[in-house]
Amino acid sequence: MAPKSERIELRLDEGFLSRIDDWRNSQTTQISRSEAIRVLADAGLQAKDTTRVKFSNGEKFIAAMLAEWIQNQNRDRQWSPNPIVSSLVNGNYWALEEKFKGIFENTYCEPEVAFEAKQILRMCKAIEKNIRNLREEEQNLLKYRFLNGREYVFVGFALHQEENYKNAVQQILLSSSEFDAFNKRSLNDSPSGRLEIYRRMQRALNAMRDDFSSSTYLSFADLELILDAGFGTH
């Protein structure tokens, strides 16, 4: 191993450091944060490029057979030559990416991201439910003090910085009826980061309720503290 002769300064947010700590604490041998960052960076640099479409020879053969079969079933469409076969033969995989965007988009998210996203949804669902159970004047006080008059606490994630969390929520909504109330909401209508807001709220909630669930009762004072932790001035 080459000597570690270069020193760099690196600033990371609390959430990112927490993910690094969770990873290094899960290892069989305890390592420092610095070593964990080195190991993870090295693994990332060695990872294969998965941003472009690739086909093995066997996959090309199967795809070509299926494309030919589909064309034979739809002779009235007069595809000549078959565009799928042509893309495979000539290596123009970008044409397949263009035609079948939904298949080739990289929307994978790590399990820990999905777990945190589900916790955020569960928290927001409980907070919104408890707000609705308040007196009207108390509801309005919270909505206009913390939520800019909105009915909802959960408003998705930032357009670009938090794309993996948006993808996780999309999959959760497809897979579970627990969060049907969120189905018609935009998941990325926030121009600025929302993840840290949700995390601050989660910490405030955990501090007051060890056994939190979506049916947990929260008083007006509880809700005020939680919303202030997330949306107040920091």
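The model is predicted: local features need pLDDT of at least 70, side-chain atom pairs count only at pLDDT 80 or more, and totals for chains, interfaces and linings use all residues. Residues are numbered from 1 along each chain as its sequence is written, and side-chain values use heavy atoms, with hydrogens and water left out.

I20 sits in helix α1 (residues 14-25). Helices are DSSP runs of H or I with at least four residues, numbered from the N terminus. Setting aside neighbours within four places in sequence, I20 is in contact (heavy atoms within 4.5 Å) with L12, A36 and I37. A36 is 16 residues from I20 in sequence, with a C-alpha to C-alpha separation of 7.0 Å.

Helix α8 spans residues 136-146, and its buried residues include E138, Q139, L142, K143 and F146. These cover an arc of only 130° around the axis, so they lie on the same side of α8. The arc is taken from the directions from the helix axis to the C-beta atoms. E136 and Y144, on the other side of α8, are exposed. The buried residues of α8 pack against α7 (111-132) and α11 (220-231). Just after α8, N148 takes a positive phi of about 55°.

F182 lies in the loop between α9 (163-175) and α10 (195-208). Its relative accessible area is 1%, so F182 is buried. Beyond neighbours within four places in sequence, F182 is in contact with L121, C124, K125, E128, F154 and L173. F154 is 28 residues from F182 along the chain, and their C-alpha atoms are 8.3 Å apart.

Definitions and conventions. Helices (H or I, at least four residues) and strands (E, at least two) are DSSP runs, numbered from the N terminus. Buried means under 20% relative accessible area, exposed over 50%, partly exposed in between (1.4 Å probe, protein chains only).
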